[in-house]
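Here's a walk through the fold, one piece at a time. Keep the viewer open as you read.

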Amino acid sequence: MAATTVRGSLGGEPGGNETMERKPSGRRRVFVQTESGCVLAIELDRSDNAHTVKRKLQVALNVPTEESSLICGDTVLKNDLSVVRNDSPLLLTRNCLHRSSSTPCFSPTGRDLQQGDRSGPIEILVCSNQSARMKELVKDIAKGIKIGVDPIPIHSGLGGAYYFRNCFGENVAIVKPTDEEPYAPNNPKGFVGRTLGQSGLKRTVRVGETGFREVAAYLLDYDHSANVPSTALVKITHSVFNINDGVNCYQHQNRKQVSKIASLQQFIPHDCDASDYGTSSFPVAAVHRIGILDIRILNTDRHAGNLLVRKLDGVGRLGQVELVPIDHGLCLPESLEDPYFEWIHWPQASIPFSEDELQYIDHLDPFRDSEMLRMELPMIREACLRVLVLCTIFLKQAAAFGLCLSEIGEMMSREFQGHGEVPSELELICIEVRASLGQGQISPAAVKAGEKDDFQFDIDFEEEGSVLTSNKEAKLTVEKTFHFGSNGGNGQNRLYKLDESVEEEEEDEAADSKADELPLTGNEHVDPVRERNLNVSKLSMSMQDISVGETRWRHPSASRKCGYLAGTSSGNWSVNEQLPTSGSFVKLADMSEEEWVQFVENFQRLLYPAFANHKSGSVGQRQRQRLGTSCQF
C-alpha cells in the first residue's frame, strides 16, 4: 500500500506554487560544517571522496580530521560521494567524543575561514525549489551587507537570532545560525555544552538540526495554506555572528567575518503575537489551516508567542486579523513526542472542517511529501519522515471519520496523571501495532536487554547516567491484542482506561492486597469487569515506573530541573523552565523498511475503531489534565 501511494499526486505546490524541476549541474559544491560550527565551501572534483574532503578541511581550517566521519543526515559518507547533492550541507563529526561540557570549543579565526572559503556572502543551500520571492529577498540582504547595513541581534529567546536588513535599513529576514542554537557550541547566551548532532533542547531534535525543520515546514505548506513565511537554508557570512573563543566571546570591535549555516525566514511586519490578542477573534479558517500543518509535522512547540497577528486595514475589515505561524524548528521529531498545540482549546478548533479543508486534507500524500523532502533536504533523517507519514495518515483518516481539529489534537496529546505522563491515544495505537508485529516496546526484559541502545542519542546515556530498570518486582505482562469497539463499553481498548487517577489505583491495589491475604474456599465469584479494571490499574502503575526509550515514564518531580530560564518576547511561561524534557514511548527509526511498510498497513487498520472508541468515550468526559512542553526560543 505504501509503495503505491508514493506515486500519488501532491495536494498543492510547496510554499506557494513552485515547481520541482531541477536544472542539471556540472561541478558540485558542498558546505562542510565542523562540530564547533565553522563552515567551509568545497568544490568537488570527480576524484574526490570523503578522505580528500577531510584533507581539504584540515588544510583550510587547521582542524583535526583523524577519527572523524563525514555525514549527511543518516548517511556516513565513505569513498563514494555521488549521492551528495550540489550545495548540500555536510557535518564533520568525531567518532569518539570524550569531552566534558565545560571544555571550550575552539574555532578557526576569520582569516583562516576566508582563506579557504571563496563562496558569496549569502547563498541558498540545497533547495532548488525556491520562490522568486526568496531569491529577491536574498538579493536585498546581499545589497544591504555590501553597503554596510549591519544586522541587529535579537536578545529574546534561548538561541542566537538576527534581524537582517535591506539597503533602506528595514528588517526583511530573521537568520538563526545552526551553531548558535541552545546547547550548540557558539550559543551567544551561555547555553552551551554539546556539539552539533547531539541531543538538544528536545531529546528527539538534535543540536544544529532545527534549521532544516524550519525549511521543511515551509515546503510542506502547500498553496501557502497555513501562511508560513518564505524560508530557506543558507550559508551566510558576516562579522555579527557569535564565536565562543575559549571562555570569552570575541569583542565586537575585534570580530572577523565568519560563515554560518543558518535558516533564513522572511520577516513579517506584525502588530503583536497571539498571547497579546483575544483568540476569539481569530479566523476559523486560519486556525484550522495552522492546526492541519501542526498535526502533519507533529509540532512540539506551537505556543502563542510563535503565532504572529497582523491587523488588516481597509473598508469592511474592522477587527479582522491575519495569523502568521513561525518558529517550526521543533517539528518533525525523530520519534513520537508529546506535541504542544496552543489552539487545542480554542473554540475555533471545535468547529468541523469545511468542505475546502476536507478536500485539502484528502489530497495530502505523505509518501510523496517524504520523497519531496528527501530531494530538497537530503540531510533530513528517515525517522523524521516516518513521523510525518504517520501523523499525516492519522490526520487524513481522522478528518474523513468526522473528527474536528481539537479532537485530533487531543488524541495526539499525552495526559498528565499523578507525577507522570501516560501515552497519547496515537501512541497507544502504535504500541499495539508494534506488539502485533512482535516488537512490543514496553517489556521490561526488552528494556534490560538493550539499555544503552534504547536512547535516542548515545550522549543521553552518558549525560543522564541513569539505569533503565523496573521499580516493580512483579513481572509486567502486556497483551498483544487490545480490542477496539465502536460501541464503547465492552470493546474498549484496555489501555484507554489509563485515565484512572493514581489515588484510585492505589486504593484498588490496597483492596486487592487485602483480598490476597484471605484464604480461598473455592466458592468465590470473581467479577470479570473488576478484574479487567484492576489489571489495567496495575498496568498503568507499572508503565509509569518503567524506563522506556530515553527517559522514565514518570517525571522525577524531586529530581533536577532544567537549568535555564526562557527569555521570551510574549511573556508566556514555558514548562521546560521547570520540568525535564519528555521522553518517547514509541520509536520508529529501529524498524527495517519491510517492517515499516507492515507497520503502516497495520496502523491504518486500527485507526477507524480507535476513532469510534474516542467518539463514544468523549461524551461527558471530564477535562483532561495536560502538561504542555512549549519551548520559546
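## The big picture

Bear in mind that this is a predicted model. The chain runs to 633 residues, and 56% of them count as buried. In secondary structure terms, you're looking at 17 helices and 20 strands.

How much of the contact comes from residues 24 or more positions apart? Taking the contacts in the chain with a separation of 6 or more, such residues account for 75%.

## The five-stranded sheet

Start with the open sheet of 5 strands, where the pairing is mixed and the order reads β2-β1-β5-β3-β4. Its edges are β2 (39-44) and β4 (75-77), and each of these pairs on one side only. Going from one strand to the next, the twist averages 35 degrees.

On one side of the order, β1 and β2 make a hairpin, with 4 residues between them. Look for Gly37 in that turn: its phi is positive, at about 110 degrees. The two strands are antiparallel and share 6 bridges; Arg28, for one, has Leu44 in β2 as its bridge partner. Elsewhere in the sheet, β3 (residues 68-72) pairs with β5 (residues 88-94), again in the antiparallel sense, over 4 bridges. If you want a pair to click on there, Ser69 has Thr93 in β5 as its bridge partner.

## What covers that sheet

Helix α3 (residues 50-61) lies across β1 (28-34), β2, β3, β4 and β5. Against β2, the helix runs at about 135 degrees.

So is β2, an edge strand, enclosed or open? Of its 6 residues, 5 are buried, so β2 is largely enclosed by the rest of the structure.

Val175 has Leu264 in β13 as its bridge partner.

## A helix pair: α7 and α8

Next, find α7 (residues 284-296) and α8 (residues 355-362), whose axes come within 11 Å and cross at roughly 20 degrees. Angles under 35 degrees count as roughly parallel, and α7 and α8 are therefore roughly parallel to each other. The crossing of α7 past α8 is right-handed.

Which residues meet here? From α7 come Ala285, His288, Ile292 and Arg296, and they meet Glu357, Tyr360 and Ile361 of α8. Sorted by class, the contact has 4 nonpolar, 1 polar and 2 charged residues.

## A mostly covered helix: α11

Last stop is α11 (residues 405-412), a mostly covered helix with 7 of its 8 residues buried. Its buried residues are Leu405, Ser406, Glu407, Ile408, Gly409, Met411 and Met412.

How values were computed. Residues numbered from 1 in each chain as written. Predicted model: local features only at pLDDT ≥ 70, side-chain atom pairs only at ≥ 80, totals over all residues. Heavy atoms only, no water. Pairing = 2+ DSSP bridges. Axes fitted to C-alpha atoms, helices over the stretch in contact; angles between N-to-C directions. Contact = heavy atoms within 4.5 Å. Buried < 20%, exposed > 50% of the residue type's maximum accessible area, 1.4 Å probe, protein only. Parallel < 35°, antiparallel > 145°, perpendicular 65-115°, else oblique. Left-handed = near helix turned anticlockwise from the far one by under 90°. Nonpolar A, V, L, I, M, F, W, Y, C, P; charged D, E, K, R; others polar.
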